[in-house]
Amino acid sequence: MALDVIEISGKDKNNELVSFSYCGITMGLTYIQPFVRTNLIVDDLVVSRKDVISEEQLPNYIDNCKADLLIVATDKDTLLPLQKSNQFIMPFRIHQMVETYKGWEYVLDTMSKREVSRAKKQAKKYNLDYFITHEESDYFNFYDTMHKPTMNNRFEGLARSVEKYKALDEIFKQGLLFLVTHEGVPVSGSVSQIDKEKNWLNARLIGVLNGDSKYRNMGAQNFVYHSILHWACHEGGIDVVNFQGCEPFLTKGTFQYKKRFGTNAILPPNQLYNQRLLVQANFESRPVREFLINNPVMLVDEDNNLGAGYFYDHDNEPRLDIPYKCNGFKYEKLFDMDLVTVKS
C-alpha cells in the first residue's frame, strides 16, 4: 500500500521553529494533518517534501525522520510492531452514537440536562419543529441552500463532505432528510442514511440556510440532533443513531458538542476501524510540548479499548479541564514528558 508523505516546518505562536511530518493513508491529509498543522504552526509555513512511499519503506522512514512531531497513519497490524517506548498509539477517528433502542426516556436521561433545557426553550421561543421527507427536490434544495454554504463557511472551501449526486445515491436514497422549521419555514436540516441490516441511522450531511450563523444561534442546527433522536425513538424504531466521527483529540469541538447528547464513543464501524496513528514526538521541543498539553489525545490499546491521554511537564499541569468522560472511554493516562517514555 502507498503512503502519502508531507513534511512541513514553520513557527509556533511564540515564534519558535517547529517541524511536523505526516506519513500515512490519504484520508489523513484531509483530517489529521490539517488539525495538527493549524494548531502547531501559525507562521512561515514551508512544505519541504511531498512524496509517496511504500509500506515496506515505513520502518526506515520512521527511524530516520527528524521532525519534531511525526504522525504515521495506517492499519494497526502494521503499526503496533513498530511502536517504541517513546511513541504512543491513537485511533484514526472515533464515532459517537446513541442507543435509541432503549427508548426516548432513556435518551433524555443520558443527555446533558442543560442541553435538554436549552433545546426546549429555543424550540418554544423560535417556534422550531421538524419533518422528514423523501422528495428529491427537497434534497437538492437542502444541499444547495443549506449544506454546501455551511461547509464552505466552516472549512473555507476545503472539501469535507460528499459530492451532491454521490450523496443522493449513497445517503439520501438509502435514508431520509430531516428539515427543521422556524415559523414553518425550513432553515436547517440533515441527510441521514439508514443501515437496514443493523437498524442504525447514520447522520451524515448537515447545514443551515445560506450557512447563516443566525440560525445556529437560535438553535436550529442544534434542533436537528434532537429531531433525529426523537424520530428514531418514536416513528423510526431505530436501534442506534450514529452521529459520526471526529479526529482523536479531546479539544475537537464536535466531540465535546456531541457528548451533550449522551453519546457513546466507539471506533468507526467501517473501513477505519483498524486504522491507527503512531505518534513520535520530540519532547525537548517546546512547541510540541505545548501542542500536546493543550490538545489531550484519544488513545487506543491493543484490545481496541479507547482511553484519554493527558501530557504535562515540570512547568505545566495536565489539562484535565478538557473532559473526555462519556461511555466508551475505559481508561485515562497521564504522560510526564520529562520522563520521555510513554509506552505502557
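A salt bridge of 3.0 Å, N to O, links the side chains of glutamate 170 and lysine 166. Both residues belong to helix α7 (residues 164–170), where they are four residues apart, about one turn of the helix; helices here are DSSP runs of H or I with at least four residues, strands are runs of E with at least two, and numbering starts from the N terminus.

## Basis of the model

The model is predicted, so that local features need pLDDT of at least 70 and side-chain atom pairs count only at pLDDT 80 or more, whereas totals for chains, interfaces and linings use all residues. Residues are numbered from 1 along each chain as its sequence is written, and side-chain values use heavy atoms, with hydrogens and water left out.

The whole structure holds 17 salt bridges. One of them pairs lysine 11 with aspartate 44, with the closest N and O atoms 3.4 Å apart. Because lysine 11 lies in strand β1 (residues 2–11) and aspartate 44 in strand β3 (residues 43–54), the pair ties together parts that are 33 residues apart in sequence. Lysine 11 is partly exposed at 22% relative accessible area, and aspartate 44 is also partly exposed, at 41%.

## A buried aspartate

Aspartate 75, in strand β4 (residues 69–75), is buried yet has no salt bridge, and the nearest side chain of opposite charge, lysine 76, is 9.2 Å away. Leaving aside neighbours within four places in sequence, aspartate 75 is in contact with Glu55, Asn274 and Gln275 (heavy atoms within 4.5 Å).

## The three-stranded sheet

Strands β14, β15 and β16 form an open sheet in that order, with mixed pairing (two strands pair if DSSP finds at least two bridges between them). β14 (297–300) and β16 (329–336) stand at the edges with a single partner strand each, so one side of each is left without a neighbour in the sheet. Strand β15 (residues 306–312) runs parallel to β16 and is joined to it by seven bridges; glycine 309 has lysine 333 in β16 as its bridge partner.

Key:
Buried < 20%, exposed > 50% of the residue type's maximum accessible area, 1.4 Å probe, protein only. Lys, Arg positive; Asp, Glu negative; His and termini not counted. Salt bridge = Lys/Arg side-chain N within 4 Å of Asp/Glu carboxyl O.
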